[in-house]
Structure formats: structure tokens, C-alpha cells
Amino acid sequence: ISIMVQEILDFLQIKPGQQGLDATLGYGGHTSAMLEQLQGQGHIYGLDVDPIESAKTKERLAAKGYGEEIVTVKLTNFANIDQVAKEAGKFDFVLADLGVSSMQIDNPERGFSYKIDGPLDLRMNPQKGSSAAQRLLEITEEEFVGMMIENSDEPYAEEIAKVVFGKLAKGQAMDTTTALREAIGEALSFLPDDKEKKDIVKKSCQRTFQALRIDVNSEFEVLYDFLEKLPEVLKPNGRVAILTFHSGEDRLVKKAFKQGLKQGVYQDICKDVIRPSAEECRKNGRARSTKMRWAVRS
């Protein structure tokens, strides 16, 4: 279920004939909503690094009547928006919906969820780079602690790292989502057994998997590149909306927009973060942690 669709459309003010960019195509829900606003005139470029899901989304959009004459799907990281703009020209509107898509979370083969047993992979593009299981063999215990603190503010980083690396030192495999989840549970076994413990363990699982996912996909570096190149791909008065899902992402976006306003590349930015309505959060639990920020090019 696409998040904050109405808030995004209200801000972007898409008009027929405009050219837009969905920097994170995913399932294509936001793209569909933006294509509707174009009323058959204009063009949208959709970017995704996931070869498996982007092919499915392209088919899904075509089935809705959105062919290559109005939407172009590119298999590339959104850090490469400058290369896309070189080919396509600048954009009237840009949307980036950060983090991981529901299709990836819900596919056990991808290892994004601690709730479902599967390989500890966590790569957006499973054909490139090291999996999360491999990363744990490449880094030190201290680096893992730093990763969890920096990427997800994990309060029990040291306790978790000690158990994970203790198991690895004994030759125990840490290559499935279940193995890592159980190691986290073991690391927090010192907590008093009460109703709160279950919630604390759950949150530590979420944060640990998030920290690994950010590292494996170089998400902060990619976002930093994207934010740096963003003003150059927007037309004058071009609009950008960004959805973030955790404090690390939101800090980077907030800082970049503030700097851009100060330097005069943006004429306006949102003063306060926009959150989904209580009703939307009730209907879609995954919307709860979402924050939206926007900026308008000078």
C-alpha cells in the first residue's frame, strides 16, 4: 500500500505535459498515482536497483495502460540521477520514497525480515556486492557495534555484537534471518521477563536488521549523493518530496534542504515534517514511522 499518496500529490501539483522522476519505483503505486495526474501527456522516469521487482512493476504499469511512451523504467541507483537527467532533461517534480519496499520485506528469499526464515541477504540488488551474512564475516565486532549505533541508534549494540561474534568465533553460521534473530534474543536474555521484554527484543531485531541493510546497500552514501545532485536535476520551480522511515535518513534530508535554502538553490522548504494521518497509520501499520519533507527549486 503506497504511503501518503494524497499528501505527495497535494504538494507536487503535477500538471499534464510535465516530466517527473520517481527515484524509487518499488511496487509502482506512487508512480501510478503521478501518471494519473499527467492525463496521458508528459513523462515519468522510474528508477530501481532491484532487477527482480522492477521488471514486475514495469509489467504492472503496462497492464494499466502506461507504456513506454509515458513511463521509462531504468535499472539504476537513484544516486545516478545526474546521468538520468543528462539523457532525459531536467524534471518538474521528483519523488523519493526511501528504505525498503514491501515486496522485498515480504519475500523470505531476500532476507529483509527477521520474522520470516530465509537467507541473511538484505541486498536491494542480489546480483551485486556482499550479502549481510558475508558482511558479518568481513567486519570486526567493534565495527558491528559502530554500525548498529550509527545506522539505527541500537542501545544494546555491544551486547548483541558480543553474542553474534562469539558464535562466529566458535564456527557457528550466522547466515539466516533466524540465526541472527535468535542471537539477538540471547544477547538480551539478561532483561527481566515481563511484557516489555518482548517489545524490546522486537525493536532490537528491527534496528539490527536495519543497520545491516543500510550498510550492505550503502544507503547513507547513496542518499548523500542523491541529495547533493538533486538541485541540478530540477527545473526552476521544480518540486521534490522525500519520504523517510528512520531518524538517520530524516537528518540527512533535513540538513540538505536547510543548506540548499541557505545557499539559495531552494526558494522554499517545509518548516515542519509532515506525517501520515492517524487513519492511514491504522489502515497501514508500515506508514507509522514515515516522515515527509519537501523543497522547491529556485
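Two strands are taken as paired if DSSP finds at least two bridges between them, and strands (E, at least two residues) and helices (H or I, at least four) are DSSP runs numbered from the N terminus. The structure is a predicted model, in which local features need pLDDT of at least 70 and side-chain atom pairs count only at pLDDT 80 or more, while totals for chains, interfaces and linings use all residues. Residues are numbered from 1 along each chain as its sequence is written, and side-chain values use heavy atoms, with hydrogens and water left out.

Parallel pairing links strand 4 to strand 5 (residues 234-244) through 6 bridges, with Ala96 opposite Ile242 of strand 5. Strand 1 also runs parallel to strand 4, joined by 3 bridges, and here Gly20 faces Phe93 of strand 4.

Beyond its neighbours within four places in sequence, Gln13 is in contact with Gln18 and Arg239 (heavy atoms within 4.5 Å). Met34 lies 21 residues from Gln13 in sequence, with a C-alpha to C-alpha separation of 9.6 Å.
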